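Please read the points alongside the sequence and the coordinates.

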Amino acid sequence: MLSSMEADRIRLSDLDTRIRDIERSLFALRTERSQVKERLDAYKYPVLTLPNELTSEFFIHFLPIYPAAPPLTGLASPTTLTHVCRKWREIALATPALWRAIRLHYEYDHETNIPKRFNQMNISDAWIRRSKSCPLSMYINIRHPDIMRKIFTETFIMATARWEHVILLEGDTPFLFLNTGRPMPLLRSLRLWLQVTNNVFTFPDVPQLCTVHLTGVIAGLNVTLPWAQLTRLTLFYLGINRCISILRQTTKLVQCSLTMSSSQSESVDFLGSDLALPHLEVLSLETMTQPVDGVGFLSSFIVPSLHTLELKEIFLGAEPIPALEMFVARSGCRLQQLGIIASWDEEVHIERYRLAFPSISIFHRY
């Protein structure tokens with residue numbers, strides 16, 4: 001019994017000694033840890049020592065070049081910058097240019113064709129508020145009427161006064177905000193696709209609008225714009241007569257691209273009447289169907305400033321070289337580039353153009 005107690009006393013003393021050794025080791029480790037932490041806390045990451053203005057500029061270059069819009073969410077979104085650290089979040093939220101290009105689109109599941117949950121409304125409102133007074137670039141591709149009504153918030157309506165570049169791909173849903181009656185004093189470019197609508201859209205107060213892209217017969221018929229001030233115009237899948245009607249009003253055009261749709265029953269009203277576009281430098285002519293009179297349509301243009309012409313051969317008729325010579329002579333232009341547009345299964349004899357026009361750069365595209 002006594003020997004057992006003596007052994008326990010010795011064991012207890014040994015344990016106390018080991019505990020003191022461990023405590024001394026822990027103290028040394030804690031002291032070293034504290035010193036290491038102090039050094040780390042005192043370290044300043046070079047990127048965080050940059051002036052906020054320079055960091056903000058780097059952030060802007062992280063995004064697609066304006067007016068292209070980044071996604072609202074994901075790694076390519078400016079929201080990613082707000083998740084790195086507190087300072088970056090503060091700088092990003094205080095940089096209005098990061099939030100000035102907004103892309104709204106309604107996605108469908110490719111397998112089930114069922115609409116995915118739409119959660120972009122609150123995000124877009126937040127971006128509009130963060131953009132402060134910056135002009136806005138808007139890309140909207142939503143074909144669901146209920147979703148369109150949801151994004152039609154007061155914040156959204158008020159922001160139309162700051163729209164600078166706008167792409168509206170409507171499908172079957174009318175753009176209610178186009179008829180709010182609000183002026184758009186900053187609007188410079190408009191791309192609009194109207195598929196099915198009975199509404200007529202008028203843009204009376206857009207003093208800076210200079211670039212327009214209209215797609216679809218409905219867009220051509222149901223949209224009224226200040227045509228006379230436009231310098232760049234693209235008309236896609238519009239009837240030939242509507243194209244002519246618009247072109248008669250666009251005397252300041254510098255660039256023009258037409259992809260026309262016409263039927264054999266359509267009577268054409270350009271014969272015997274010139275389309276004078278004195279400032280036009282670039283002209284592209286395509287057709288989705290056989291034009292009623294392609295040669296007659298081309299010869300109606302009087303374009304003395306033209307230097308680049310792209311067109312399908314059908315606009316030059318059965319004798320393309322004489323037709324092109326007549327067009328150049330009649331317009332008085334100094335053509336520098338000629339592009340022949342053809343389908344992959346169409347044969348194009350580029351060499352005959354090069355022989356006839358050795359001073360003009362000739363190219364062929366599909």
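The points below describe a predicted model. They are grouped by topic.

**Largest pocket**

- The volume of the largest pocket is about 250 Å³.
- Its lining is made up of 16 residues, and those nearest the pocket centre are Pro 67, His 165, Val 166, Ile 167 and Ser 189.
- Two or more lining residues come from each of the strands β2 (136–141), β3 (163–171), β4 (189–194) and β6 (211–215).
- Sorted by class, nine residues of the lining are nonpolar, five are polar and two are charged.

**Thr 79**

- Thr 79 sits in the loop that runs between α2 (52–62) and α3 (86–93).
- The relative accessible area of Thr 79 is 17%, and buried means under 20%, so Thr 79 counts as buried.
- A polar contact of 2.8 Å links the side chain of Thr 79 to the side chain of Ser 77.
- Beyond the neighbours within four places in sequence, Thr 79 has contacts with Leu 72, Thr 73 and Gly 74, as well as with Trp 99, Trp 127 and Arg 130.

**Helix α8**

- Helix α8 spans residues 240–247 and is mostly covered, with six of its eight residues buried.
- Those buried residues of α8 are Ile 240, Asn 241, Cys 243, Ile 244, Ile 246 and Leu 247.

Conventions:
Residues numbered from 1 in each chain as written. Predicted model: local features only at pLDDT ≥ 70, side-chain atom pairs only at ≥ 80, totals over all residues. Heavy atoms only, no water. 1 Å grid on protein atoms, 1.4 Å probe; cavity = no way out; pocket = protein on both sides within 12 Å on 5 of 7 lines; lining within 4 Å. Points joined across faces, edges and corners; volume = space filled by probe spheres on them. Helix = DSSP H or I, 4+ residues; strand = E, 2+ residues; numbered from the N terminus. Nonpolar A, V, L, I, M, F, W, Y, C, P; charged D, E, K, R; others polar. Buried < 20%, exposed > 50% of the residue type's maximum accessible area, 1.4 Å probe, protein only. Polar contact = N/O pair within 3.5 Å; in protein donor to acceptor, adjacent residues only side chain to side chain. Contact = heavy atoms within 4.5 Å.
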